[in-house]
Amino acid sequence: MIKARGYATRHSFSRLKLFEFEREEAGTYDVEIKVLFCGVCHSDIHQAKNEWSNTVYPCMPGHEVVGTVTKVGPGVTRHAVGDMVGVGCMIDSCRECAPCKAGDQNYCESNNSWLATYNGPMVPAKKAPDGNNIYGRDNTLGGYSDVLVVNEDFVLKIPAGLAPEVAAPILCAGVTTYSPMKHWKVKDGDKVGIVGFGGLGHLGAKIAKAMGAEVTVFTTTKEKLDEAKRLGVAGVLEKDKEALKALKSSFDFILSTIPEKHDINPFVALLKRDCTLAVVGALEPLAPVNNQEVAFHRKSVAGSLIGNLADTQEILDFCAQHGIGPDIQLIPIQDINDAYDKVEAGDVRFRYVIDMASLATEAA
Ligand code: NDP
Ligand code: ZN
C-alpha cells in the first residue's frame with residue numbers, strides 16, 4: 001500500500017481538512033502519479049456538500065488533476081516514468097456496453113456506471129441503516145491528494161505547450177464545454193451563446209472563439225462585462241430584456257453552465273430554427289420548457305455529461321495548439337474552504353487551482 005495524504009470532508013456540513021489514508025499500489029496496467037496541481041470545480045462543492053444526495057464520506061474531491069508519472073505497472077505501454085499526465089472525471093468504465101465500445105466511456109451503461117475519480121460509481125446511493133449513503137463498490141478518493149493510481153487508459157497526456165497548472169481545468173471544464181460543441185457541430189462563423197460566465201463558461205467561450213465562432217456570454221454579474229471584452233467576446237446581462245429581444249432567433253448553439261435550477265426559456269428564444277441549447281450546469285430538474293417555442297421552430301433542448309477520453313485528449317491538444325487555457329488563481333490546499341465560499345459567491349476569476357506542493361508543508 002502507498003501512504004497518501006489529502007484534504008477530505010466527513011460530513012455534508014463540515015469543512016475539508018487533512019486526511020491520511022492508503023492507496024493500492026499500481027497494478028499491471030496502472031500508473032502512479034505524483035499530483036502537482038488540481039483544479040477546483042463547482043461539482044467538487046456540490047459533491048462535498050451532498051447536493052446530489054449521493055455522496056459517500058469521507059469525500060475527497062478533485063477531478064482536474066495534473067502530475068508526473070512516478071511508477072508504471074509491467075503491462076503499461078502508453079505512459080512512462082517522468083511523463084506529465086492528467087486525470088479527469090473518470091478512472092474506469094465497464095468497456096463492454098455499447099457506449100463504452102463506441103468510445104463514450106462517460107455514458108457507460110453498466111450497472112455500476114463509469115467509475116468517477118472521486119465518489120465512486122455514478123449510480124444512485126443506497127442508504128445504510130445509519131442513514132449514510134453507500135455503494136456496492138468501493139468509494140474513490142480524488143485529486144486533492146499527493147498521489148493517485150489510475151489505469152493507464154484513463155490517463156491523458158499533457159502536451160508540452162501547456163503549463164501543467166493551466167492544463168488542469170481543461171480535464172473537466174474544458175472537455176465539458178468542448179464535447180457538446182463538437183457533438184452539435186459548432187463550426188467557423190457560427191454564433192454561440194454561453195450562459196453563466198464562470199469556470200466552465202469562460203473556458204467554453206475561449207474554446208468556441210478558437211473554433212471560429214462568434215461568441216456571446218450571458219452573465220448575471222455586471223463587472224464581468226469587462227472580462228468578456230478582455231477575452232474578445234460579447235457580453236450581455238441576463239436580465240437585460242431589450243438586449244435579449246434584439247438577439248431573438250440568432251444563435252446556432254447555446255450552452256448553459258448555470259450551476260442550479262434556472263429558467264432556460266429566455267435562451268431557447270435566442271436559438272435559430274433547428275438549433276440546440278445544451279444544459280451542462282444544472283444536473284437536476286429544470287423549470288418547464290415552453291414547447292411552443294421549441295416545436296414551432298424545431299429547436300432542441302439537450303444535455304451533455306463531461307466528455308469521453310478521446311475528446312479530452314483532443315481538447316488538451318487543441319488548447320496547446322491555439323495557445324488558450326483557463327484564467328487560473330493558484331491556491332495552497334489550506335485555502336480550499338475559503339475558495340469554496342468564493343466560488344459559491346461568484347468571486348473567482350475564473351478557476352482556482354490547488355498547488356499540491358502546499359500539502360507537503362503541513363504537519364500531520
Ligand atoms: P462556477 O461557479 O465557476 O460558474 C458558474 C457561473 O454560473 C457563475 O460564475 C455565475 O456566472 C453563474 N451563476 C451562478 N449561480 C447562478 C444563478 N443562480 N443564476 C444564474 N447564474 C448563476 O461553476 P463551474 O463553471 O465550475 O460549474 C458550473 C456547473 O456545471 C456546476 O453545477 C457543475 O457541477 C456543473 N458541471 C457539469 C458537468 C457536466 O458534465 N455536465 C461537468 C462539470 C461541471 P455569472 O456571474 O456570469 O452569472
Ligand atoms: Zn468538474
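**Figure 1. Asn119 in a loop of the predicted model.** Asn119 is found in the loop between β7 (115-116) and β8 (126-127), where helices (H or I, at least four residues) and strands (E, at least two) are DSSP runs, numbered from the N terminus. Although Asn119 is not a glycine, it has a positive phi of about 65 degrees. The model is predicted, and local features need pLDDT of at least 70, side-chain atom pairs count only at pLDDT 80 or more, and totals for chains, interfaces and linings use all residues. Residues are numbered from 1 along each chain as its sequence is written, chains are lettered from A and ligands numbered from 1 in the order in which they are written, and side-chain values use heavy atoms, with hydrogens and water left out.

**Figure 2. Two cis peptide bonds.** The peptide bond that runs from Tyr57 to Pro58 is cis, with omega near 5 degrees, and Pro58 has its place in the loop between α1 and β4 (65-72). Arg349 and Phe350 are likewise joined by a cis peptide bond, with omega about -10 degrees, and the place of Phe350 is in the loop between α11 (336-345) and β19 (351-355).

**Figure 3. Polar contacts of ligand 1.** A polar contact is a pair of N or O atoms within 3.5 Å; within protein, one must be able to donate a hydrogen and the other to accept it, and residues adjacent in sequence count only if both atoms are side-chain atoms. A polar side-chain atom of His42 lies 2.7 Å from an oxygen atom of ligand 1, while a polar backbone atom of Phe197 is 2.9 Å from an oxygen atom of the ligand. For Ser304, a polar backbone atom is 3.0 Å from a nitrogen atom of ligand 1.

**Figure 4. The shell around ligand 1.** Of the 29 residues around ligand 1, those that come nearest are Thr219, Thr220, Thr221, Ile306 and Arg351, a residue being near if one of its heavy atoms lies within 4 Å of the molecule. By class, the shell holds 12 nonpolar, 13 polar and four charged residues, with Ala, Val, Leu, Ile, Met, Phe, Trp, Tyr, Cys and Pro counted as nonpolar, Asp, Glu, Lys and Arg as charged, and the others, Gly among them, as polar. The largest share of the shell, three residues, comes from α1. Domain 1 (2-162 + 327-361) and domain 2 (173-303) each give at least three residues to the shell around ligand 1, the domain bounds coming from an automatic or database domain assignment.
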